[in-house]
Amino acid sequence: MFALLYGTVIVLILKAVPSSAVDAGTWLTNSTQRDSVVLALNLVPFAGIFFLWSIGVLREQLGVKEDKFFATLFLGSGLLFVGMLFVMAAQAGALLTLAAEHQGRPPLDVWTFGRATTYDLMSIYATRMAGVFVLTASTLALRTGLFPRWLALIGTAVGLLLLAAAGLIPLLELLFPLWVLIVNVHGLLVRAAPRAPAAAPAA
């Protein structure tokens, strides 16, 4: 659910909001684009809740095998990601309210500052925390066998890409929910797979 909701948030915002701050007035006066952003912001809290749920599931699967060092990075980066996501959504909502009060033409200096801050929070800082989360989760998987080696190696590559290229490549943020989706689908398939019956004790 996190992957689907967060992926939807990213797509809605990137489709509605132009890459240039100069074009702010164009989409703010377009009800369809403005409603898309409002919908995306309303989905953010639920995406965050499901992400916290996902963290809990992974920690429960690790159990006593959890490495304290990497587990701290894993949990800390996940919480920071959610916190930044919520701050970004709150600030974007405030900017939309400001724009509505000025008939879609907010004060340019306030809008430019707020837009740049919101963009950096989502595309740079939150995305880099997502990269740390993926890297540490993949490292824990390699050390404990939480999920297959091939999936952990893919996660390592995704985490490094999110860390190195955050804010530089369009739609790069979609790699994170896609990785979370693959990991959780794999976990569901493993749990649903029939297990071999335990051998009867020798007489």
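Good morning. The mean pLDDT of this chain is 80, and 83% of its residues reach 70 or more; pLDDT is the predictor's confidence in each residue, on a scale from 0 to 100. This is a predicted model, in which local features need pLDDT of at least 70 and side-chain atom pairs count only at pLDDT 80 or more, while totals for chains, interfaces and linings use all residues. Residues are numbered from 1 along each chain as its sequence is written, and side-chain values use heavy atoms, with hydrogens and water left out.

Let me stay with confidence for a moment. A contact here means heavy atoms within 4.5 Å. Where pLDDT is low, the predicted coordinates should not be read in detail.

I turn to the overall architecture. The chain has seven helices and zero strands. Both kinds of element are DSSP runs numbered from the N terminus: helices are H or I with at least four residues, and strands are E with at least two. From the N terminus on, the order is therefore α-α-α-α-α-α-α.

How much of the chain is buried? Of its 203 residues, 41% count as buried. The cut-offs are these: buried means under 20% relative accessible area, exposed means over 50%, and partly exposed lies in between, with a 1.4 Å probe and protein chains only. The chain exposes about 11,100 Å², and carbon and sulfur atoms supply 70% of that area. Accessible areas come from the Shrake-Rupley method with a 1.4 Å probe; for residues, only the protein chains shown count as cover. As for contacts with a separation of 6 or more, 76% of those in the chain are between residues 24 or more positions apart.

Next, helix α5, which covers residues 108-144.

The place of F133 is in helix α5. Why does F133 count as buried? It does so because its relative accessible area is 2%. Leaving aside neighbours within four places in sequence, F133 is in contact with F51, I55, L58, F74, S77, G78, F176 and W179. The C-alpha atoms of F133 and F81 are separated by 8.5 Å, although these residues are 52 apart along the chain.

T127 is also placed in helix α5, and T127 is buried because its relative accessible area is 3%. Its side chain reaches the backbone oxygen of M122 at 2.8 Å. This is a polar contact, that is, a pair of N or O atoms within 3.5 Å; within protein, one must be able to donate a hydrogen and the other to accept it, and residues adjacent in sequence count only if both atoms are side-chain atoms. Beyond four places in sequence, T127 is in contact with M122, L162, A166 and E173.

T144 is found in helix α5 as well, and T144 counts as buried because its relative accessibility is 14%. A polar atom of the T144 side chain lies 2.6 Å from the backbone oxygen of L140.

Helix α6 covers residues 149-165, with R149 among them. Is R149 buried or exposed? R149 is exposed, because its relative accessible area is 59%.

W150, I154, L178, L181, I182, V185 and L189 make a nonpolar surface patch of about 640 Å². The elements that give two or more residues to this patch are α6 and α7 (175-192). Helix α7 supplies the largest share, five residues. Patches are made of residues with over 30% relative accessible area and no salt bridge; like charges are joined within 9 Å, and nonpolar side chains (Val, Leu, Ile, Met, Phe, Trp, Tyr) within 5 Å. A salt bridge is a side-chain nitrogen of Lys or Arg within 4 Å of a carboxyl oxygen of Asp or Glu.

V185 lies in helix α7 and counts as partly exposed because its relative accessibility is 38%. L181 lies in helix α7 too, and it is partly exposed at 34% relative accessibility. L181 and L4 are 177 residues apart in sequence, and their C-alpha atoms are 8.0 Å apart in space.

Finally, V11 is found in helix α1 (residues 2-16) and is partly exposed at 34% relative accessibility. V11 and L174 are 163 residues apart in sequence and 8.4 Å apart in space, C-alpha to C-alpha. Thank you.
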